[in-house]
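Please look at the sequence and the model together, and keep both in view while reading.

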Amino acid sequence: MKTVAHVGLFLAAALVAVAVPAVAQDAAATDAPRVSMGVGTGIDRETRSLEGAADTFAAAGDTLLLWCFTLLENLEPPTRVTHAWFHEGHTEAMIELDVKSNWFRTWSNKMILPSQTGPWEVKVLDTDGTVLGTSAFLVE
């Protein structure tokens, strides 16, 4: 009987030991930087939200002004991020943005010329150049 009780206690202790690192990993994942982003035709400055969000935009022969809106969570402020705008894989703009709190909304814009149709993407980079998020879109 004592052997069975000892085995039971050993198994219970082993299960607790296995469960603790899993909880610690989940807590660490919660603290990791998170990025939500999108591209649209404007910014509502009152509500600090994106307007005209889409993944395809019509150039219609005119210059097109597009905005990249980014919500950043769990970055240690003060810091900076960069919106890197790419057209067909070529860098078109690098815009540095200050991050002033650990839950922060920011945006940048880019004038798209009529000749710049095709695939685009905006990457959010941290100060080390690590990609935190990407938003891809098409200009037709």
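Accessible areas come from the Shrake-Rupley method with a 1.4 Å probe, and for residues only the protein chains shown count as cover. This is a predicted model, in which local features need pLDDT of at least 70 and side-chain atom pairs count only at pLDDT 80 or more, while totals for chains, interfaces and linings use all residues. Residues are numbered from 1 along each chain as its sequence is written, and side-chain values use heavy atoms, with hydrogens and water left out.

Q: How much accessible surface does the protein chain have, and what share belongs to carbon and sulfur atoms?
A: The accessible surface of the protein chain comes to about 8600 Å², and carbon and sulfur atoms hold 58% of that surface.

Q: What makes up the secondary structure of the protein chain?
A: Helices (H or I, at least four residues) and strands (E, at least two) are DSSP runs, numbered from the N terminus. By that rule the protein chain has 1 helix and 10 strands, and along the sequence they follow the pattern α-β-β-β-β-β-β-β-β-β-β.

Q: Why are β1 and β8 called edge strands of their sheet?
A: Two strands pair if DSSP finds at least two bridges between them. The open sheet has 3 strands in the order β1-β5-β8, with antiparallel pairing. Within that sheet β1 (34–40) and β8 (103–112) each have a single partner strand, so one side of each is left without a neighbour and they stand at the edges.

Q: How do you know that β1 and β5 count as a pair?
A: The rule asks for at least two bridges, and β1 and β5 (residues 64–73) are joined in the antiparallel sense by 7 bridges, with F69 in β5 as the bridge partner of G38.

Q: Which strands does β9 pair with?
A: β9 runs antiparallel to β6, joined to it by 6 bridges, and antiparallel to β10, joined to it by 8 bridges. E121 in β9 stands opposite F86, and the bridge partner of E121 in β10 is A136. β9 and β10 also form a hairpin with 5 residues between them, where G129 in the turn has a positive phi of about 90°.

Q: Why is A60 called exposed, whereas N74 is called partly exposed?
A: Buried means under 20% relative accessible area, exposed over 50%, and partly exposed in between (1.4 Å probe, protein chains only). A60, in the loop between β4 (56–57) and β5, has a relative accessible area of 64%, and is therefore exposed. N74, in the loop between β5 and β6, has 24%, and is therefore partly exposed.

Q: What is noted about the phi angles of A60 and N74?
A: A60 is not a glycine, although its phi is positive at about 50°, and N74, a residue other than glycine, has a positive phi near 70°.

Q: What makes D128 an exposed residue, and where is it placed?
A: The relative accessible area of D128 is 68%, so D128 is exposed, and its place is in the loop between β9 (118–125) and β10 (131–139). D128 and V81 are 47 residues apart in sequence, and their C-alpha atoms are 9.3 Å apart in space.

Q: What is the form of the peptide bond from P77 to P78?
A: The bond is cis, with omega near -10°, and P78 has its place in the loop between β5 and β6 (79–87).
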